[in-house]
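Open the structure in your viewer and switch to a cartoon view.

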Amino acid sequence: MSAAQPHDYDRIWRDAYGDMQEVGPVHRHMRRILRGFLRGLDYETALDVGCGAGHNMALLRQGRESTAVTGVDLSDEALERAGRSWPDAEFHRLDIQRERLDRSWDLVFSSLVLEHLPDDRAALGNMRSMAGKYVLVTTIAGDFERYRPWEEQMGHVRNYAAGELEAKMSDAGLRVERATYWGFPFYTPVARRLQNRMRSEPSYRRETRFLAQLMYGLYFLNSHRRGDLLVVLARA
């Protein structure tokens with residue numbers, strides 16, 4: 001599936017993104033799962049593709065104070081926020097579907113980006129060209145049509161069928177080592193269906209923060225073998 005018109009991610013960052021990336025229960029569990037993936041990886045440099053406002057910078061540096069992390073994103077609004085939060089990091093404006101930097105990093109990391117990209121194959125190829133050791137990505141699996149109102153609000157153009165992303169990464173010249181599907185039953189399908197009736201807000205109200213904390217606790221019961229949050233690790 002492809003988008004008819006490009007999304008205005010500066011507007012989405014102003015009107016929808018924000019607290020969801022910091023305190024949203026899915027994002028918090030995603031970072032918890034990613035820590036398990038990252039713990040076993042040997043890297044001294046990392047490239048965060050679609051870095052947004054820099055929400056994953058601390059994750060990539062956790063326990064690795066000397067690790068140099070570079071961020072790239074298409075949104076000027078996101079890059080401005082990231083630069084304020086991480087003044088010692090390096091950031092570039094880049095469309096990963098069309099461009100790559102003439103450098104390589106031990107780890108190329110991309111979180112919740114591929115579901116936004118009409119040309120995900122080109123993006124994976126560009127990630128592969130910049131990866132010295134690993135590519136680690138997270139994205140959304142499941143039925144796009146079922147969750148279309150939420151997906152389009154967030155700028156999504158696709159969700160991945162089981163095995164689809166792994167096959168595309170292999171086609172890009174990557175060797176898939178591990179894939180985790182997470183979220184059943186309380187995120188997938190329960191919360192995903194409820195999202196269709198909701199609008200995201202950049203700043204959570206008190207009641208929204210309370211609900212997010214409750215959901216975070218409940219989500220510990222979710223399966224790591226089935227669900228719509230997908231994490232894939234591959235070797236370059």
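Two strands count as paired if DSSP finds at least two bridges between them. Keep in mind that this is a predicted model.

**Stop 1: the sheet.** Select the strands. Seven of them form an open sheet in the order E3-E2-E1-E4-E5-E7-E6, and the pairing is mixed. Which strands stand at the edges? They are strand E3 (90-93) and strand E6 (175-182); each has a single partner strand, so one side of each has no neighbour in the sheet. On average, neighbouring strands here are turned by 15° against each other, direction ignored.

Stop 2: Select residues 131-140, which are strand E5, and residues 229-235, which are strand E7. These two pair in the antiparallel sense, over seven bridges.

**Stop 3: helix H6.** Show the side chains of Asp120, Ala123, Leu124, Asn126, Met127 and Met130, which are buried in H6. They lie on the same side of H6, because they cover an arc of only 160° around the axis. Their cover includes strand E1 (45-49), E4, E5 and helix H8 (164-171).

**Stop 4: helix H9.** Move to residues 186-195. The buried residues in this helix are Tyr187, Thr188, Pro189, Ala191, Arg192 and Gln195. Among the elements that cover them are H3, E5, helix H7 (148-153) and helix H10 (206-218).

**Stop 5: His116.** Select His116, in the loop between strand E4 (105-111) and helix H6 (120-130). Is His116 buried or exposed? Its relative accessible area is 11%, below the 20% cut-off, so His116 is buried. Leaving out residues up to four places away in sequence, His116 touches Tyr9, Tyr17, Met154, Gly155, His156 and Val157. With one of these, Tyr9, His116 makes a side-chain polar contact of 2.9 Å.

**Stop 6: Asp143.** Finish in the loop between E5 and H7, where Asp143 is found. Asp143 is partly exposed, with a relative accessible area of 34%. A polar atom of the Asp143 side chain lies 3.0 Å from the backbone nitrogen of Glu145. For the backbone nitrogen of Arg146, the distance to a polar atom of that side chain is 3.3 Å.

Definitions and conventions
Residues numbered from 1 in each chain as written. Predicted model: local features only at pLDDT ≥ 70, side-chain atom pairs only at ≥ 80, totals over all residues. Heavy atoms only, no water. Helix = DSSP H or I, 4+ residues; strand = E, 2+ residues; numbered from the N terminus. Buried < 20%, exposed > 50% of the residue type's maximum accessible area, 1.4 Å probe, protein only. Polar contact = N/O pair within 3.5 Å; in protein donor to acceptor, adjacent residues only side chain to side chain. Contact = heavy atoms within 4.5 Å. Axes fitted to C-alpha atoms, helices over the stretch in contact; angles between N-to-C directions. Arc of directions from axis to C-beta.
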